[in-house]
Amino acid sequence: MKDPIYKILLLEEDITLIKKIQQLLTLHNYDVITCTSAEEGIFMSRQYRPDLIVSGVKLRGGSGFHFLMELRNDPTLQHIPFIFISGKEGKEDMRMGMNLGADDFLTKPFKSKELIMSIKSRLIRFTIFNIQGRDRKHTTIVSMPVIAPEIHNKLSKTEFRIMQMIAEGLSTKEIAQTLNISIKTVENHRHNISKKLNLTGHNSLIKYAIKNLTQQYRILS
């Protein structure tokens, strides 16, 4: 008996690579939807509800990082397992991808077996989680982010991401390196965030971020 067909969304600016990966995934009985831009990716995600997404770091008209940020900010899409593929071997790209919520990060050239194993591992884990959440009669404890409404309402996506990184304990220099922007730009963002949230004092932003953006536990029956 064949494995169940899962729907995978593949985003990559390199058409040749798209065809190679699509052929590989089709051979393993996956239903593959392809696109080349972040804008298309969000549209396809909402229309087809893929079981997993594989995305390049570089996309046409944008980046995979921005696509992942938008995906994780959408309550209807934020649960989808996400794998980054990159032609650049760099700790900064990998760290940024994982901080944004990617489940895995593969650097090209990677072996076909590596990609297939990564996909299978994420799909199995996600399927088990869904079954447990749907069928178990006892209480399940799930880690959920507790986010104050004014954060989403007042801050831009970049400002919100910087708030997340502050909550994770990253310094201004580390934030600048991760987002590939200057330290001065990060300081300007921090100033604007504090102003929008009516925060005063040197450590008030750090305390606010930790209080409102760290993981807390919610009990589900």
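Which strands does helix α4 (residues 91–99) lie across? Helix α4 lies across β6 (82–86) and β7, and runs at about 155° to β7. Such angles run from 0 to 180 degrees between N-to-C directions, with axes as lines fitted to C-alpha atoms, for helices over the stretch in contact. Contact means heavy atoms within 4.5 Å.

This is a predicted model: local features need pLDDT of at least 70, side-chain atom pairs count only at pLDDT 80 or more, and totals for chains, interfaces and linings use all residues. Residues are numbered from 1 along each chain as its sequence is written, and side-chain values use heavy atoms, with hydrogens and water left out.

**The whole chain**
- The protein chain has ten helices and nine strands. Both are DSSP runs, numbered from the N terminus: helices are H or I with at least four residues, strands are E with at least two.
- Of its 221 residues, 43% count as buried. Buried means under 20% relative accessible area, exposed means over 50%, and partly exposed is in between (1.4 Å probe, protein chains only).
- Take the contacts between residues at least 6 apart in sequence: 64% of them join residues at least 24 apart.
- The accessible surface comes to about 13100 Å², and carbon and sulfur atoms hold 53% of that. The areas come from the Shrake-Rupley method with a 1.4 Å probe; for residues, only the protein chains shown count as cover.

**The sheet**
- Strands of a sheet pair through backbone hydrogen bonds, either parallel or antiparallel.
- Here, five strands form an open, parallel sheet in the order β2-β1-β3-β6-β7. Its edge strands, β2 and β7, each pair on one side only. From one strand to the next, the twist averages 20°.
- Two strands pair if DSSP finds at least two bridges between them. Strand β1 (residues 7–11) and β2 have five bridges, in the parallel sense.
- Leucine 11 stands opposite cysteine 35 in β2.

**Arginine 161**
- Arginine 161 sits in helix α7 (residues 157–167).
- Its relative accessible area is 2%, so arginine 161 is buried.
- Beyond neighbours within four places in sequence, arginine 161 contacts Met69, Asn99, Leu100, Glu168 and Leu179.

**Backbone in the loops**
- The peptide bond from lysine 108 to proline 109 is cis, with omega near 0°. Proline 109 lies in the loop between β7 (104–107) and α5 (112–135).
- Asparagine 29 has a positive phi, near 70°, in a residue other than glycine. The loop between α1 (15–27) and β2 (31–35) holds asparagine 29.
- Arginine 49 also has a positive phi, near 50°. Arginine 49 is in the loop between α2 (38–48) and β3 (52–56). Its relative accessibility is 42%, so arginine 49 counts as partly exposed.
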